[in-house]
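Subject: Structure handover

Hello,

I am handing this structure over to you. Please have a look at it first, then read my notes below.

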Amino acid sequence: MTNSFRLGPDGIYRCDGFQEFIWQKHGFGTRDANPQADITLKQVHSSRVCNVNGWHAQNREQEGDALITDEAGKAIGIRTADCVPILLLDCRTRAVGAVHAGWRGTAGELVQKTIEQMGRDFGTKPADMYAAMGPCIRCCCYEVGRDVAANLEAWFPEWREHEEMSRKVNLPLANRRQMEDAGVPSGHIFDCELCTACQSGQFFSFRREHENPGRMLAAISRLR
Ligand SMILES: [Zn+2]
């Protein structure tokens, strides 16, 4: 299986590794276009996972940073501008998930909590799960001070080698490690490797455009 992501003529990225699952539709937005999402949340950098079965579009003021569902025909989405967008699918039960993981969500193990809740609510087994990580800020552009780094050191054992005043943080790697710890096979985890801060022509970045960053949507739905 390939790790490649493809930019469609509609201005939306899709993960090749997800395309064999023809029962789903997903996409990662850019400056030019966003996929359509029926249900989004009021995102608050929490570790709250919402099972949106039975929800309708008017629930959108609910707070949380991850959505899960196994209902067909319902596109769930999260908005990002630097944070890691992670889309999840369970190839056996056809449950899907969308996760907004900034440093707080990563420190709060949000993606692990999402996988666990999919297990409780839908019977998802980590071995059946696939994950796609979209455009986000990468370690080339994401340097944080000691205070923030202290919250993330559990996922970077290599940091123990020497003290630093600041750290270049690879948030997608921390999330990959959390998913692997949860039992998702490493070959099921795809990363587009695109940096929102470097690739300013294509993506909005909060770090780069502090005053008025736009937002990109990442969305997934079970079609049937
Ligand atoms: Zn960069």
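Here is what was found, from the whole chain down to single residues.

Two points on the source. This is a predicted model: local features need pLDDT of at least 70, side-chain atom pairs count only at pLDDT 80 or more, and totals for chains, interfaces and linings use all residues. Residue numbers start from 1 along each chain, as its sequence is written.

**Overall**

The protein chain has five helices and 13 strands. These are DSSP runs, numbered from the N terminus: H or I over at least four residues for helices, E over at least two for strands. Along its principal axes, the C-alpha trace spans about 50 × 35 × 35 Å. A compact globule of 224 residues would have a radius of gyration near 17 Å; the protein chain has 16 Å, which agrees. That radius is taken over C-alpha atoms, and the globule rule is 2.2 Å times the number of residues to the power 0.38.

**Core**

Buried residues make up 47% of the 224. Buried means that 20 or more other C-beta atoms, placed from the backbone, lie within 10 Å of the residue's own. The largest nonpolar core has 61 residues. Such a core is a set of buried Ala, Val, Leu, Ile, Met, Phe, Trp, Tyr and Cys residues joined through C-beta atoms within 7 Å. Leu67, Ile76, Ile86, Ala98, Val99 and Ala131 touch the most other members.

**Sheet**

Six strands form an open sheet with mixed pairing, in the order β4-β5-β8-β7-β9-β12. Strands pair if DSSP finds at least two bridges between them. β4 (49-51) and β12 (189-191) stand at the edges with a single partner strand each, so one side of each is left without a neighbour in the sheet. β7 (residues 84-90) and β8 (residues 96-101) pair in the antiparallel sense over six bridges. Within β8, Ala98 is the bridge partner of Leu87.

**Helix α3**

This helix packs on the sheet, touching β4, β5 (66-69), β7, β8 and β9 (129-133). Touching means C-beta atoms, placed from the backbone, within 7 Å. Which residues of α3 are buried? They are Leu110, Val111, Gln112, Thr114, Ile115 and Met118. Just after α3, Gly123 takes a positive phi of about 75 degrees.

Best wishes

Conventions
A residue is buried if 20 or more other C-beta atoms lie within 10 Å of its own, exposed if 12 or fewer, and partly exposed in between; C-beta atoms are placed from the backbone. Two residues are in contact if their C-beta atoms, placed from the backbone, lie within 7 Å. Axes are lines fitted to C-alpha atoms, for helices over the stretch in contact, and angles run from 0 to 180 degrees between N-to-C directions.
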